[in-house]
Amino acid sequence: QHMTTYKLYYFNLKGRATVTRNLLNLANADFEEVRYAVPYFNIEGAEGFSEAKESGLFPYGQLPVLEVTPEEGDSIFIPQSHSIERYLSRKFGLLGDTEEAGAIIDSIGETVLDVIKAYTTAKGAGDEEITKYFEETLNTWIQRLETVVAKNGDSEWAVGSGISYADVALNALFDHFDNQDAVSASLENAPRLTAIRTLFKERSAGFDHPNTPM
């Protein structure tokens, strides 16, 4: 049987590798990780990031990077978290059954990035903007996403009949925030998203993620 193996290089953080880890686990892929230490945050992990970076191992000198090794042929190194996510989603059949479904799934992934980017902007602007974000901005986006997934008929997932990249990205969004009480409040009027979150938590219960605060 043709077996591709994977090696994920990132820091010993959840961060920008959360979705990738979940995709690899969902597919029961044959993968290993190198989780580098983050001395700035006093987070222990593998040593050697600077040396690996200087050697040219990472195409753009940053992480995450996914090393893909086919059964025959040379390994390739894929940089950029969202490029990795889309590659794995295509590889594992998590981009829908049609081109149209794939486009909706991809649009949910892009929207998740917008919501997170708005949060980053609010955090940079101070406490007042953070409060406004959780009271207004997040609620608005959650309702927009709820409207999109509610169009998926009787399915328990976001798009189509099975789990997809959209569901993985949505759950990464819900878990992204320090203020989980605010997330729960935003989801009170979003029954479809709440159900997806519950279902995904059950599906991913045994997945291994760093036990670090970020």
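Colleague: What is the relative accessibility of aspartate 208, and how does that residue count?

Modeller: Aspartate 208 is at 48% relative accessibility, so this residue counts as partly exposed. Buried means under 20% relative accessible area, exposed means over 50%, and partly exposed is in between, with a 1.4 Å probe and protein chains only.

Colleague: Before we go on, what kind of model is this?

Modeller: It is a predicted model: local features need pLDDT of at least 70, side-chain atom pairs count only at pLDDT 80 or more, and totals for chains, interfaces and linings use all residues. Residues are numbered from 1 along each chain as its sequence is written, and side-chain values use heavy atoms, with hydrogens and water left out.

Colleague: Back to aspartate 208. Which residue forms a salt bridge with aspartate 208?

Modeller: Arginine 35 does, with the closest N and O atoms 3.4 Å apart. The two are 173 residues apart, so to speak of places: arginine 35 is in strand β2, and aspartate 208 is in the segment after α8 (191-203). The pair links distant parts of the chain. A salt bridge here is a side-chain nitrogen of Lys or Arg within 4 Å of a carboxyl oxygen of Asp or Glu. Helices (H or I, at least four residues) and strands (E, at least two) are DSSP runs, numbered from the N terminus.

Colleague: Why does arginine 35 count as buried?

Modeller: Because its relative accessible area is 17%.

Colleague: Which side chain meets glutamate 33 in a salt bridge?

Modeller: Arginine 35 again, at 2.8 Å from N to O. Glutamate 33 is partly exposed at 22% relative accessibility.

Colleague: Which residues make up the network of salt bridges?

Modeller: Arg21, Glu33, Arg35 and Asp208 are linked in it. The count of salt bridges comes to 7.

Colleague: Which residue pairs with aspartate 175 in a salt bridge?

Modeller: Arginine 197, at 3.3 Å from N to O. Aspartate 175 sits in helix α6 and arginine 197 in helix α8, so this pair ties together parts that are 22 residues apart in sequence. Aspartate 175 is partly exposed, at 40%. Arginine 197 is buried, at 15% relative accessibility.

Colleague: Switching to the surface. Which residues gather in a patch of negative charge?

Modeller: Glu44, Glu47, Glu51 and Glu54 do. Patch residues have over 30% relative accessible area and no salt bridge; like charges are joined within 9 Å, nonpolar side chains (Val, Leu, Ile, Met, Phe, Trp, Tyr) within 5 Å. Asp and Glu count as negative, Lys and Arg as positive; His and the chain ends are not counted. A charge is placed at NZ of Lys, CZ of Arg, CG of Asp or CD of Glu.

Colleague: Where is glutamate 47?

Modeller: In the loop between β2 (30-36) and α2 (49-54). Glutamate 47 is exposed, at 68% relative accessibility.

Colleague: And which residues form the nonpolar patch?

Modeller: Tyr40, Phe41 and Met214, with about 370 Å² of accessible area together. That area comes from the Shrake-Rupley method with a 1.4 Å probe; for residues, only the protein chains shown count as cover. Tyrosine 40 lies in the loop between β2 and α2, and this tyrosine is exposed at 72%.

Colleague: Now asparagine 152. Where does asparagine 152 lie?

Modeller: In the loop between α5 (127-150) and α6 (165-176). Asparagine 152 is buried, at 17%. A polar atom of its side chain lies 2.9 Å from the backbone oxygen of glycine 160. A polar atom of that side chain also lies 3.4 Å from the backbone oxygen of alanine 158.

Colleague: Backbone next. Which residues does the cis peptide bond join?

Modeller: Leucine 63 and proline 64, with omega about 10°. Proline 64 is in the loop between α2 and β3 (65-69). Most residues other than glycine have a negative phi, and most peptide bonds are trans.

Colleague: What is phi of asparagine 42?

Modeller: Near 55°, a positive value. Asparagine 42 is in the loop between β2 and α2, and is exposed at 71%.

Colleague: And what is phi of glutamine 80?

Modeller: Near 75°, again positive. Glutamine 80 lies in the loop between β4 (76-79) and α3 (81-91). Its relative accessible area is 30%, so glutamine 80 is partly exposed.

How values were computed: Polar contact = N/O pair within 3.5 Å; in protein donor to acceptor, adjacent residues only side chain to side chain.
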